[in-house]
Amino acid sequence: PRIEDVEDESGALDGLSKDWHHNRLEQFFILGQLLGAAVLHNFQVDLPLAKPFVKLVLDQPLKHPRDLQFVDHTFYQNTVEWPMHNDIEDLELVFTAEIVSPVSRKPVVFLLKEHGDQLDVTNRNKLEYVK
C-alpha cells in the first residue's frame, strides 16, 4: 500500500512525492531552529512526538510491530492488524517485505528471515511474520 501525497492521520507523507524531500528538509530545519531556541531560552514546548521518533533519538531499536503504526497507519493496518485477525492461507505470502526505494524508485525486497523468500506464511506462523 502506498500513502497518498497528502498527510493522513499519522502525519506521514508519501516518501515518493516529488516535493517531499525539499519541503520536509525545510520544515525540519525550521522546526530544529524553533526547538533550539526553546532549549536555549529554557522554554518548555508541549510537543507530542511519535514513539518511533523518540526511540530513534534515544538510540533504542524499533522492534515492536506497533512502532510501525505511528509511522504509517495504513501500512500497519494492512500488514499487522489485518493478517492477525483473518485467514491468510490463500494469500501466498512469504517472509519478505518489498518497498520502493525513495532514491532509485525501484522495488527492493528484504528477507524477513533467512531464506524468507522460500518460506510460506501460514495461519500457524503469521505471528512470526508480523513481528
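What follows is a request about one residue and one connected answer.

User: Which residues does Phe95 touch, not counting residues up to four places away in sequence, and which residues make up the largest nonpolar core?

Analyst: This is a predicted model, in which local features need pLDDT of at least 70 and side-chain atom pairs count only at pLDDT 80 or more, while totals for chains, interfaces and linings use all residues. Residues are numbered from 1 along each chain as its sequence is written, and side-chain values use heavy atoms, with hydrogens and water left out.

Leaving out residues up to four places away in sequence, Phe95 touches Phe110, Leu111, Leu112, Lys113, Gly116, Asp117, Leu119, Asp120, Val121, Asn125, Glu128 and Tyr129, where a contact means heavy atoms within 4.5 Å. Both Phe95 and Tyr129 are buried, a word that stands for under 20% relative accessible area, with exposed over 50% and partly exposed in between (1.4 Å probe, protein chains only).

The largest nonpolar core consists of seven residues, namely Tyr76, Val80, Ile88, Phe95, Val121, Tyr129 and Val130. Helix 4 (73-85) and helix 5 (126-130) each supply at least two residues of this core. Such a core is a set of buried Ala, Val, Leu, Ile, Met, Phe, Trp, Tyr and Cys residues joined through side-chain atoms within 4.5 Å.

A search of the whole structure finds one aromatic pair. Because the ring centres of Phe95 and Tyr129 are 5.7 Å apart and their planes stand at 80°, this pair is edge-to-face; rings of Phe, Tyr and Trp (its six-membered ring) pair if their centres lie within 6.5 Å, and planes under 30 degrees apart count as stacked, over 60 as edge-to-face and the rest as tilted. The pair links distant parts of the chain, with Phe95 in the loop between helix 4 and strand 1 (96-100) and Tyr129 in helix 5, 34 residues apart.

The ring of Phe95 also has the charged end of Lys113 over it, 5.2 Å from the ring centre, the criterion being NZ of Lys or CZ of Arg within 6 Å of the centre and within 35 degrees of the ring normal.

As for confidence, the mean pLDDT of the protein chain is 77, on the predictor's scale from 0 to 100 for each residue, and among the elements helix 5 has the highest mean, 85.

Technical notes. Helices (H or I, at least four residues) and strands (E, at least two) are DSSP runs, numbered from the N terminus.
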